[in-house]
Amino acid sequence: MTYSISDIQQILSADWLNKANPAATVDHLLIDSRKLTLPGVSLFFALPGKRHDGHRFLADLYRMGVRNFVVSEEVDLQTLSEANVLKVPNSLFALQDLAAYHRSRFNIPVIGITGSNGKTVIKEWLWQLLSPDFNIVKSPKSYNSQVGVPLSVWQLNEHHQLAIFEAGISTTGEMERLEKIIKPGIGIFTNLGTAHQEGFNSEEQKFLEKCRLFENAKLVFGPPENSNHQLAEYLNKIPAVKAKWHAAKSWSLPTEPPPGGLADTTMICYSIMEHLGIAQDKIEQRLHRLEPVEMRLELKGGIQDCTLVNDFYNNDLAGLRIALDFASQQVRKGKFTLILSDILQSGLPPKSLWSQVAEAILAQGVNRLISIGSEISTIKNHLPDGFDTRFFPDTNTFLKQLDNADFFQETILLKGARPFEFEKIARRLERQSHKTVLEVNLTALVHNLHVYNKMLKAGTKMMVMVKAAGYGSGSADVAKLLEFHRVDYLGVAYADEGVELRQAGVQTPILVLNPEQASFDALYRYNLEPEIYSLSLLRELCEYAGNEKQLAIHLKLDTGMHRLGFEAASLPELLGILKANTNLRVRSIFSHLSASDNEQHDAFSHQQAQVFMHLYTQIIEVLGYEPMRHICNTGGIERFPEYHFDMVRLGIGLYGVGGAEVQPRLRTVNVLKATISQIKEVPAGDSVGYNRNSGILKSSKRTATISLGYADGFLRLAGNGRYSVMLHGQKAPTVGNICMDMSMIDVSHIPNAREGDEVIIFGANPTAQELASSLQTIPYEVFTNVADRVKRVYWEE
């Protein structure tokens, strides 16, 4: 089912601003200029936002080959002379209306899933369970938002026999529009929890809004009404939905139910399969073979200085495109290699499938393809002559012929269907290192960035601090992600940190907080911008720059913290030097609130801001121009919106540590994990670890030695029961002193503890704040103490 831009103009009742080629074909809908792959057949919807407006990127996209645009405001047509440009009142609504029209052309069963959580698990399980019987289209990953749903529905084609789409909302009025796009005949409500509660007046309002998805559904599957007394009360408010509400079956299978809420999830799947006519014996067989849903895309260090991207738990065309887009962002040097298996149950004819796969591979700059499976070899007919391609019938054959020397300083994406067991390949290609791991959730990090961005008024810029290796998370990897999400500035402590980012390909402006005379040449060569905080440092920089070198600088003012910065008495000499050295351009003037997170000192924070503005006014009167102003750190962003000025500086809040008001909205980014090396039964009277005086047991204990010590950042103050780690959902206190490379914990009350089990040091529970309290310090120190030898694993949901 193809559309011309003329067809779309009629569907949307849009005005032509420019009609260059009305017969142009549109295959892809694009809302993010950074994710362009097929410019010739893409239609870009310019979506306005509080911080980023799609209309700003029209000229860039035109230069990259896009020739079809939907806008909602007047644009410069001279820069789009050979493009088709449609104007609509609201470009988001236009995107949704086009998807709704596309959906109306299909008469197949459509399942719509909503609820507070568990949507993606049910969707992926239904796909596993029903794909033997149907060609299925489903939401990629967690595409369930106001833009994710239209993009999901746009995938529908004439080969599909069943559709499964998620719908998520964050405030009132959103589900009404999503219902018109999805039009589910079958509804699933997973559960009612606290997620996105801030967008609703009450839990009841949120439930009623979510149930608007089911207004035209024929039946709805969800928890039994008596599972929650509030559920029954809420359903009574919407009799039309209550009348078609079917409680998921209770567990009645011969096997043990899965843990937690997965039993309810499983039985909802059972009920759906039964409704769709799947025989009971097949239902039970398939449920028994259900595989866990891995919803994370991992970024790890690989052999031979490679970067390894793991996304091998499912393999479909939409998921492949997402994984290719993510992996292409990690390419810094060397080749981009894709190891790809057959794509099972795609719902597409082989020629169409492998043509689209080849198109996606070439668009994302893949240099080499390693193909595994019996069907994928036909992709060679769709790749250019000479493209570097190798074919293997199965994973074991590939592993037998694998030579580590085949991979060197390149980015490797593993994308395979579960039956191909690509985890075996991952183990061979992953760099072997210390068992302890710091997992960095990039999706959560971006979520936290958005939380703080929403606090800013339009036009306020965002600087993010990535000093101290990104608060222990790894500066280059975090910086690349932040650049992708268009932060305005990055902040580092020393020039060598900035040089590392430039060498990693980061182009965003970088402020260096602690420049030294020896680093001036690096600052100039790598386009880094130093903080200037004293007359002596300024004179040294002037001597280096002479009259020829153009440098951007940032002036630091001391308004009361008394660490670094110019005070009022030094302003006359400062301004005299700047007037004499016009090749030094002041990019910003800033200061630092010393107690922005402490209400007790709010009067002092206000005083600092007043001093800052007084000094700033004096400086710009002499400079003759107005550099950016910034004084707010993480605490200031939350508590002093009146002092956001031209830019703010986000630090530890990015990693999920904020003030009391914002903390519930933040997500955990860093999770430190270790493993159990050995378990021992230790009798009373014996000691554990160094220094018998502190480690003698009063009663016999079962202890576990874990792969983490003070050399990894788990300091000695956490020992002797002062801190507890998490094992199998239970807290296990430390026993004895913390050693350099190991620690011991008490697992007497956790009988299922085994060697090799994963232990959580900090994360969502226990938190970094709890460890900081045990160590008599702050979360900043906890994060930055995590040693370099601890492997970082980056992942996206």
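Modeller: Start with a cut-off: a residue counts as buried when its relative accessible area is under 20%, and as exposed when that value is over 50%. The model is predicted.

Now take strand E16, residues 336-341. Of its 6 residues, 6 are buried, so by that cut-off the strand is mostly covered. Which residues point which way? Phe 336, Leu 338 and Leu 340 point to one side of E16. Thr 337, Ile 339 and Ser 341 point to the other. All are buried.

Next, the partners of E16. Strand E19, residues 411-415, pairs with E16 in the parallel sense over 5 bridges.

Now two helices. How do H12 and H13 lie to each other? The axes of helix H12 (residues 317-330) and helix H13 (residues 350-363) come within 10 Å and cross at roughly 10 degrees. Angles under 35 degrees count as roughly parallel, and H12 and H13 are therefore roughly parallel to each other. On the H12 side, the contact is made by Leu 317, Leu 320, Arg 321 and Leu 324. H13 brings Gln 356, Val 357, Ala 360 and Ile 361. By class, that gives 6 nonpolar residues, 1 polar and 1 charged.

On to another sheet. It is open, with 8 strands in the order E27-E26-E25-E24-E23-E22-E21-E28, and its pairing is parallel. Which strands stand at the edges? They are E27 (628-630) and E28 (647-650). Each has a single partner strand, so one side of each is left without a neighbour in the sheet. On average, neighbouring strands of this sheet are turned by 30 degrees against each other, direction ignored.

Look inside that order. Strand E21 (residues 461-465) pairs with strand E22 (residues 489-492) in the parallel sense over 3 bridges. Met 463 has Tyr 489 of E22 as its bridge partner. Helix H16, residues 442-453, packs on the sheet and touches E21 and E28. The direction of H16 makes about 140 degrees with that of E21.

Further along the order comes E25, residues 551-556. E25 is mostly covered, with 6 of its 6 residues buried. Leu 551, Ile 553 and Leu 555 point one way. Ala 552, His 554 and Lys 556 point the other way, and all are buried. E24 pairs with E25 in the parallel sense over 2 bridges. There, Glu 531 has His 554 of E25 as its bridge partner. Helix H21, residues 535-545, lies across E24 (529-532), E25 and E26 (584-590). H21 runs at about 145 degrees to E24.

Last, some loops. In general, most residues other than glycine have a negative phi, and most peptide bonds are trans. Asp 305 has phi near 65 degrees, a positive value in a residue other than glycine. Asp 305 lies between strands E14 (297-301) and E15 (307-310). At 42% relative accessibility, Asp 305 counts as partly exposed. Gln 776 also has a positive phi, about 60 degrees, although it is not a glycine. Its loop runs between helices H26 and H27 (779-785). Is Gln 776 buried or exposed? At 67% relative accessibility, Gln 776 counts as exposed. For a cis peptide bond, go to Asn 765 and Pro 766, where omega is about -5 degrees. Pro 766 lies in the loop between strand E34 (758-762) and helix H26 (768-774).

Key
Residues are numbered from 1 along each chain as its sequence is written. This is a predicted model: local features need pLDDT of at least 70, side-chain atom pairs count only at pLDDT 80 or more; totals for chains, interfaces and linings use all residues. Side-chain values use heavy atoms; hydrogens and water are left out. Two strands pair if DSSP finds at least two bridges between them. Helices (H or I, at least four residues) and strands (E, at least two) are DSSP runs, numbered from the N terminus. Axes are lines fitted to C-alpha atoms, for helices over the stretch in contact, and angles run from 0 to 180 degrees between N-to-C directions. Contact means heavy atoms within 4.5 Å. Angles under 35 degrees count as roughly parallel, over 145 as roughly antiparallel, 65 to 115 as roughly perpendicular and the rest as oblique. Ala, Val, Leu, Ile, Met, Phe, Trp, Tyr, Cys and Pro count as nonpolar, Asp, Glu, Lys and Arg as charged, and the others, Gly among them, as polar. Buried means under 20% relative accessible area, exposed over 50%, partly exposed in between (1.4 Å probe, protein chains only).
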